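Dear colleague,

Please find below the sequence and structure that I am handing over to you. My findings follow directly after them, and I would be grateful if you could read them with the structure open.

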2 protein chains.
Amino acid sequence: MVEYDPIGYVRSPYETDAPYQPQPDDAAFAVELEPEYADGPDGLASFSYAYVLFDLHRVEEYDLSITPPWREDDSLGVFATRAPDRPNGIGLSVVRILDVEDGRIDISAIDAFDGTPVLDIKPYVDGLDTKDDADVGWIDLDDADDADHLELHLEGIVH
Amino acid sequence: MVEYDPIGYVRSPYETDAPYQPQPDDAAFAVELEPEYADGPDGLASFSYAYVLFDLHRVEEYDLSITPPWREDDSLGVFATRAPDRPNGIGLSVVRILDVEDGRIDISAIDAFDGTPVLDIKPYVDGLDTKDDADVGWIDLDDADDADHLELHLEGIVH
């Protein structure tokens, strides 16, 4: 058993529903750190992007196999997907860093409910985290009826 | 308090010391999943890269401020670094997927000890995780005496 205490919480316009409305570009999304960690992001603003690791605290169950809605004949293992219903519900998002001040990190849109516990923040480092030869694996949107819509999900773009 | 159970363990040549010797390119590194998750990576081999999230189980303390060895005048907050000594010791590595079979995922080199608990595996998805305009923030290796050596650390290359 591994135990972690949240370092802070997501601030987001999403209270109870998954995102489905356009959101303004201003600082509607943030990570608010607990007071003891207020100095923890010193220097983070020198990076364009960061990883936010968070606990998907509303997820209670998972399926080991997942069938994507646009690939009804396929069955994927949960570790081959980014589905939130996972054995350990750890969310991982790459976000743009907009501002850092007094223990609050304003970020680009993140697909997380308001109040989601944040476990860690790490800088996203060019070279270390950028992979020019990455691919999309089984996620072949060319086959999907609503490829444009799914693309927004994949890109983490609020819509 | 957030609690997770390991889904598996890292297999690595590193038993007690940090990496400092060249390692062969063959499958010396792997994630061995617990038997109940053996089918979890079905479809993962269709991706070039994956994230491995692991618990830095040997880390017991952290400093909120860190001074990089090549920038003695600077003090960075821990969340602006990838230092393993963090409030929540969650390690995050992008690894190349070499082979997936029977609940074992052979991966490229990972900077983790043998037996490190693995918390999650997620596919690294082109577009979602690749950021062409990412940078290296404060990590300005041009100032470093041993830039080539540090570059290996940043790239996660065993040396």
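**Strand pairing and barrels**

In chain B, β7(B) and strand β8 (residues 104–107) pair in the antiparallel sense over four bridges. Two strands are said to pair if DSSP finds at least two bridges between them. Strands (E, at least two residues) and helices (H or I, at least four residues) are DSSP runs, numbered from the N terminus. Within this pairing, Asp99(B) has Asp106(B) of β8(B) opposite it.

Before going further, please note that this is a predicted model, in which local features need pLDDT of at least 70, side-chain atom pairs count only at pLDDT 80 or more, and totals for chains, interfaces and linings use all residues. Residues are numbered from 1 along each chain as its sequence is written, while chains are lettered from A and ligands numbered from 1 in the order in which they are written.

The strands β7(B) and β8(B) belong to a barrel of chain B, in which six strands close in the order β2-β3-β8-β7-β4-β9 with antiparallel pairing. From one strand to the next, the twist averages 45 degrees; the axes are lines fitted to C-alpha atoms, for helices over the stretch in contact, and angles run from 0 to 180 degrees between N-to-C directions.

Chain A likewise has six strands that close into a barrel, with antiparallel pairing in the order β2-β3-β8-β7-β4-β9. Its twist averages 45 degrees from one strand to the next.

In chain A, strand β4 (residues 49–55) and strand β7 (residues 90–101) run antiparallel and are joined by seven bridges. Leu53(A) stands opposite Leu92(A) in β7(A), and Phe54(A) has Gly91(A) as its bridge partner in that strand. On β7(A) there is also an antiparallel pairing with strand β8 (residues 104–107) of chain A, over four bridges. Here Ile97(A) faces Ile107(A) of β8(A) across the pairing.

**The turn between β7 and β8**

β7(A) and β8(A) form a hairpin with two residues between them. Asp102(A) lies in this loop, and its phi is near 50 degrees, a positive value in a residue other than glycine. Asp102(A) is exposed because it has 9 other C-beta atoms within 10 Å. The cut-offs are as follows: a residue is buried if 20 or more other C-beta atoms lie within 10 Å of its own, exposed if 12 or fewer, and partly exposed in between, with C-beta atoms placed from the backbone.

In chain B, Asp102(B) lies in the loop between β7 and β8. Its phi, near 55 degrees, is positive in a residue other than glycine. Asp102(B) is exposed, with 9 other C-beta atoms within 10 Å.

**The nonpolar core**

The largest nonpolar core has 72 residues, and those with the most contacts inside it are Ala50(A), Val52(A), Ala50(B) and Val52(B). Such a core is a set of buried Ala, Val, Leu, Ile, Met, Phe, Trp, Tyr and Cys residues joined through C-beta atoms within 7 Å.

Ala50(B) lies in strand β4 of chain B and counts as buried because it has 25 C-beta neighbours inside 10 Å. Not counting residues up to four places away in sequence, Ala50(B) touches Leu44(B), Val95(B), Ile97(B), Ile121(B), Lys122(B), Pro123(B) and Tyr124(B); a contact requires C-beta atoms, placed from the backbone, within 7 Å. The C-alpha atoms of Ala50(B) and Val125(B) are separated by 8.1 Å, although these residues are 75 residues apart along the chain.

Val52(B) is in contact with Val31(B), Ser93(B), Val95(B), Ile107(B), Ile110(B), Val118(B) and Ile121(B), leaving aside its neighbours within four places in sequence.

**The contact between the chains**

The contact takes 60 residues from chain A and 60 residues from chain B. On the chain B side, β1 (2–4), β4 (49–55), β6 (76–77), β7 (90–101), β9 (117–123) and α1 (147–155) each supply at least two residues. The largest share of that side, six residues, comes from β9(B). By class, the side of chain B that touches chain A has 33 nonpolar, twelve polar and 15 charged residues. Ala, Val, Leu, Ile, Met, Phe, Trp, Tyr, Cys and Pro count as nonpolar, Asp, Glu, Lys and Arg as charged, and the others, Gly among them, as polar.

Strand pairing also crosses between the chains: strand β1 (residues 2–4) of chain A and β1(B) pair in the antiparallel sense over three bridges. Glu3(A) stands opposite Glu3(B) in β1(B).

**Confidence**

For the complex, the predictor gives an ipTM of 0.89 and a pTM of 0.89. Chain A averages a pLDDT of 87, and 81% of the residues score at least 70; pLDDT is the predictor's confidence in each residue, from 0 to 100.

With kind regards

Conventions. Contact = placed C-beta atoms within 7 Å.
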